[in-house]
Amino acid sequence: MKINPLIIVQHYGRDILESPGMEMSKGFMQHGDTSVFAHSLAVALICVQIAYFLPKFLSKHLNKRALVRGALLHDYFLYDWHTKHEGHSLHGFFHPGRALKNAERDFSLSPTERNMIKTHMFPLTLPPPRYKESWILVVADKVCAIKETFKK
């Protein structure tokens with residue numbers, strides 16, 4: 001069965017994609033010349049692709065809504081981490097907490113979505129992810145970060 005990940009991301013994440021915070025994230029760079037918005041969208045698309053290629057026993061009971069929404073919000077920290085600022089030091093360690101705080105302020109989150117945002121930097125941050133959706137996000141985020149950092 002052929003899937004269109006963009007349709008799935010738009011279906012579950014339209015309110016997030018159209019939110020003022022995500023609009024703001026278009027102006028913040030993430031890796032290389034990739035904006036936080038573009039990175040978050042790419043991660044969500046890869047999460048959906050991974051979910052559809054998992055064996056049935058792993059994809060059974062996978063919450064696709066939470067998968068998409070957690071992926072879109074995993075870097076919802078809403079600042080330019082490249083600028084010198086006291087609050088931006090050790091960004092890799094602290095941005096999951098900032099992203100979670102902002103996401104909780106702007107959206108209603110499920111426990112799975114909270115865990116995805118909080119643990120997406122594992123193993124750099126602890127504790128490890130609790131849900132399958134969180135593990136998928138960890139992998140998708142690393143894949144995107146490597147591609148964005150080293151693209152020609």
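How far is the sulfur of Cys-47 from the closest cysteine sulfur? I will come to that after the overall picture.

This is a predicted model, so to speak of local features we need pLDDT of at least 70, side-chain atom pairs count only at pLDDT 80 or more, and totals for chains, interfaces and linings use all residues. Residues are numbered from 1 along each chain as its sequence is written, and side-chain values use heavy atoms, with hydrogens and water left out.

Confidence comes first. pLDDT is the predictor's confidence in each residue, on a scale from 0 to 100. The protein averages 88, and 89% of the residues score at least 70.

Next, the fold. There are 8 helices and 2 strands, taken as DSSP runs numbered from the N terminus: H or I of at least four residues for helices, E of at least two for strands. From the N terminus on, the order is α-α-β-β-α-α-α-α-α-α. A contact here means heavy atoms within 4.5 Å. Of the contacts between residues at least 6 apart in sequence, 63% join residues at least 24 apart.

Now the interior. Buried means under 20% relative accessible area, exposed over 50%, and partly exposed in between, with a 1.4 Å probe and protein chains only. Of the 152 residues, 49% are buried. A nonpolar core is a set of buried Ala, Val, Leu, Ile, Met, Phe, Trp, Tyr and Cys residues joined through side-chain atoms within 4.5 Å. The largest one has 33 residues, and Val-9, Cys-47, Leu-73 and Tyr-76 have the most contacts inside it. At least two of its residues come from each of α1 (5–17), α3 (36–53), α5 (64–73), α6 (91–106), α7 (111–119) and α8 (132–150). The largest share, 8 residues, is supplied by α3. As for Leu-73, if we leave aside neighbours within four places in sequence, its contacts are Ile-16, Ala-99, Ala-103, Phe-107, Leu-109 and Ile-117.

Back to the cysteines. The closest cysteine sulfur to that of Cys-47 is in Cys-144, 8.1 Å away, which is too far for a bond. A disulfide is counted when a pair of cysteine sulfur atoms lies within 2.5 Å, and the count by this rule is 0. Cys-144 is accordingly in no disulfide. Both residues are buried: Cys-47 has 0% relative accessibility, and Cys-144 has a relative accessible area of 4%.
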